[in-house]
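Let's take a walk through this structure together. Keep the viewer open so that you can follow each part as it comes up.

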Amino acid sequence: MTETGAGDQARSVLKITDLVAGYGGGDVLRGVSLDVAEGGITCVVGPNGAGKSTLMASISGLLRPRLGSIELDGRNLAGMSPRQVLRLGVVQVQQNHSLFRDMTVRENVELGGYILGDRALTARRVRAVYEVFPDIAGWAGKKAGSLSGGQQRLVEFGRALMLEPRLLLLDEPSMGLAPKILRTVFAAIRQMNAAGTTILLVEQNARAGLRLSSHGVVMESGRVRLSGTGREVLENPEIGALYLGGAVGAG
Amino acid sequence: MTALLRTEGIRKAYGGVHALDTCTVEVEEGTVAGLIGPNGSGKTTLFNVITGYAKADAGHVYLAGQQITNVSPDRVFALGIGRTFQLTRIFASLTVLENMLVASPNGRAAARRRAMEQLDFLGIAGHHAELAGTLSYGQRKLLELAYVLVADPAVILLDEPAGGVNLSLVNHIADRIRELNAAGKTFLIVEHNMEFVMGLCDRVTVLDSGTVVASGPPDIIRTDRRVLNAYLGEDLDPAEDE
């Protein structure tokens, strides 16, 4: 692992140490350590099979890691259920579209707050979501299924904000979206961050993701291979070897 | 011109999205060719067009100079293009050997012998009586390859043969491909495992957004700026920077 970077002064919301995890057949994550700085956007990139999605599943409780720790504000999440992790304020927006298509946009957003169990609080939070994303207010009465892919993504973001997450996990939000729409989605990520949300982003479009982010991490073969500021990582010539094969530094 | 398999200017759109756009790829006889590119770049779509599983909107596919564009999958197979799938297609509740014999037109004994030879060559003959559903993911890929080999195709298209397979089996698969290639088989391989592709292929073609952005020997491809650009993605807002 190459430490290229500054910016570690900020407090860590999430601290992952020596994480080992996989699916029966073998370990996909082979000793991953990384920090997510409070108030920032940390972007994880890497070639197919690097372990990015496995990392997300481990954090959100969908996969129980074999070794290592995942500390949220000092509390170990490893081995907790997804429900417990959610209650602690870690909210994931998954890769595939996940709105209830036959329900209205407002109903979908409200569902993001179902564990709040408080109508007045839910209504306040919906208003707060509309403040971050005024567009969503405009679609409130529409069936979610009638929205475009990019619009649905925005509503998914809004739904995730209902819990005022301590940490927002975004798993490849650009998946399947046209370049023009991508721009809107990335702007939305920036808006959520500007509104105070700490974000851990896994992104396939490495260039756009790293450029957006305060911190960047490149994973390859289940390990963190580069880290630093988003820009440092993007400009590190070793990133080429990590994507296209060949030992780092040899290519 | 010695291209055994050639696609010329293939276009294929799904609901307005261009999966392939003037895609021209050549595979020379007796070579192992690689087809790489980021997710969604059109690799599997090109396989589908070549093998008749998807219809090209425009362009042509040639096998040994003969036009085979939009021919049905069974016909393509009969003409000598065999193919495996990214997610293996086997009958889980049949035995390994039964899977091999499903489409066997020959006399039983001969077909059986031939099937066992292929299973033996790929190192899974010991599992012939087991249900295919009990095989590991990597072994299923070997079974699928064995099945394809029985038909003795001239060109074999492999869709992610090393994906999700453990390292020793990856090396085993690579060795078998080398052996088959030495015996004259031509390959076109889609694969994300770069060590596998770069170590095995004579020539690598890179797709991005359905178009060929580079084609050449692995060493050249590995250091090609356009290829890295394809993998790192499009810069959305270069001007917005700081």
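**Where the chains touch**

Please keep in mind that this is a predicted model. Chain A brings 21 residues to the contact between the chains, and chain B brings 19 residues. On the chain B side, helix H7 (194-200) and helix H9 (225-232) each supply at least two residues. The largest share of that side, four residues, belongs to H9(B). Sorted by class, the side of chain B that touches chain A holds eight nonpolar, five polar and six charged residues.

**A helix pair in chain A**

Now turn to helix H6 (residues 149-161) and helix H7 (residues 179-194) of chain A, which pack at an angle of about 15° with their axes 9 Å apart. Because of that angle, H6(A) counts as roughly parallel to H7(A). Their crossing is right-handed. From H6(A), the residues that meet H7(A) include A:Arg153, A:Leu154 and A:Phe157; in H7(A), their counterparts include A:Ile181, A:Val185 and A:Met192. By class, the contact of these two helices, H6(A) and H7(A), has seven nonpolar, three polar and one charged residues.

How many strands form the open sheet of chain B, and in what order? There are six, arranged as S6-S7-S8-S3-S9-S10, with mixed pairing. Strand S6 (81-83) and strand S10 (211-216) of chain B are the edge strands, each pairing on one side only. On average, and ignoring direction, neighbouring strands of this sheet are turned by 20° against each other.

At one end of that order, strand S9 (residues 203-208) of chain B and S10(B) pair in the antiparallel sense over five bridges. Here B:Thr205 stands opposite B:Ser215 in S10(B). Finally, look for helix H1 (residues 43-50) of chain B, which lies across S3, S6, S7, S8 and S9 of chain B. This helix, H1(B), runs at about 145° to S7(B).

Notes:
Residues are numbered from 1 along each chain as its sequence is written. Chains are lettered from A and ligands numbered from 1 in the order in which they are written. This is a predicted model: local features need pLDDT of at least 70, side-chain atom pairs count only at pLDDT 80 or more; totals for chains, interfaces and linings use all residues. Two residues are in contact if their C-beta atoms, placed from the backbone, lie within 7 Å. Ala, Val, Leu, Ile, Met, Phe, Trp, Tyr, Cys and Pro count as nonpolar, Asp, Glu, Lys and Arg as charged, and the others, Gly among them, as polar. Axes are lines fitted to C-alpha atoms, for helices over the stretch in contact, and angles run from 0 to 180 degrees between N-to-C directions. Angles under 35 degrees count as roughly parallel, over 145 as roughly antiparallel, 65 to 115 as roughly perpendicular and the rest as oblique. A crossing is left-handed if the near helix is turned anticlockwise from the far one by less than a right angle, and right-handed if clockwise. Two strands pair if DSSP finds at least two bridges between them.
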